[in-house]
Amino acid sequence: LGFKITFYIMSLLHEGMYVMTDIAEIEVPQSIEDLISFATNLQSSLTVSRIFKACCNNENKDAARKGYYRPTLSTPKFDQLINLSKA
């Protein structure tokens, strides 16, 4: 809560198993006086950028892991489940 941004990365490690990892936390300046401390967060921002480029690039997904995926919240099966629970 407050003026912090937390970055997470979610990885598909095995069939249907996702792991979410906290990779960085950056404190956003609340005032002009806090801008100096914000400059120290630049290294964290660069780390987030590097991790995103390395892990979240669609070209890096190999064919073997495509079978690991599971339906998400926007799938018809999920919509049907929600509609059944409202009845």
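**Hairpin and helices of the predicted chain**

Strand β1 (residues 4-14) and strand β2 (residues 17-27) run antiparallel and are joined by 10 bridges. Two strands count as paired if DSSP finds at least two bridges between them. Ile-5 lies opposite Ile-26 in β2. Two residues sit between the strands of this hairpin, and Gly-16 there adopts a positive phi near 70 degrees.

The model is predicted: local features need pLDDT of at least 70, side-chain atom pairs count only at pLDDT 80 or more, and totals for chains, interfaces and linings use all residues. Residues are numbered from 1 along each chain as its sequence is written, and side-chain values use heavy atoms, with hydrogens and water left out.

The chain holds three helices and two strands. Their order along the sequence is β-β-α-α-α. Helices (H or I, at least four residues) and strands (E, at least two) are DSSP runs, numbered from the N terminus.

Ser-37 belongs to helix α1 (residues 35-39). Its relative accessibility is 42%, so Ser-37 is classed as partly exposed, the class between buried (under 20% relative accessible area) and exposed (over 50%), with a 1.4 Å probe and protein chains only. Ser-37 and Glu-27 are 10 residues apart along the chain, and 8.4 Å separates their C-alpha atoms.

Of the 87 residues in the chain, 8% are buried. The chain exposes about 7300 Å², 60% of it supplied by carbon and sulfur atoms. Accessible areas come from the Shrake-Rupley method with a 1.4 Å probe; for residues, only the protein chains shown count as cover. Among contacts (heavy atoms within 4.5 Å) between residues at least 6 apart in sequence, 31% join residues at least 24 apart.
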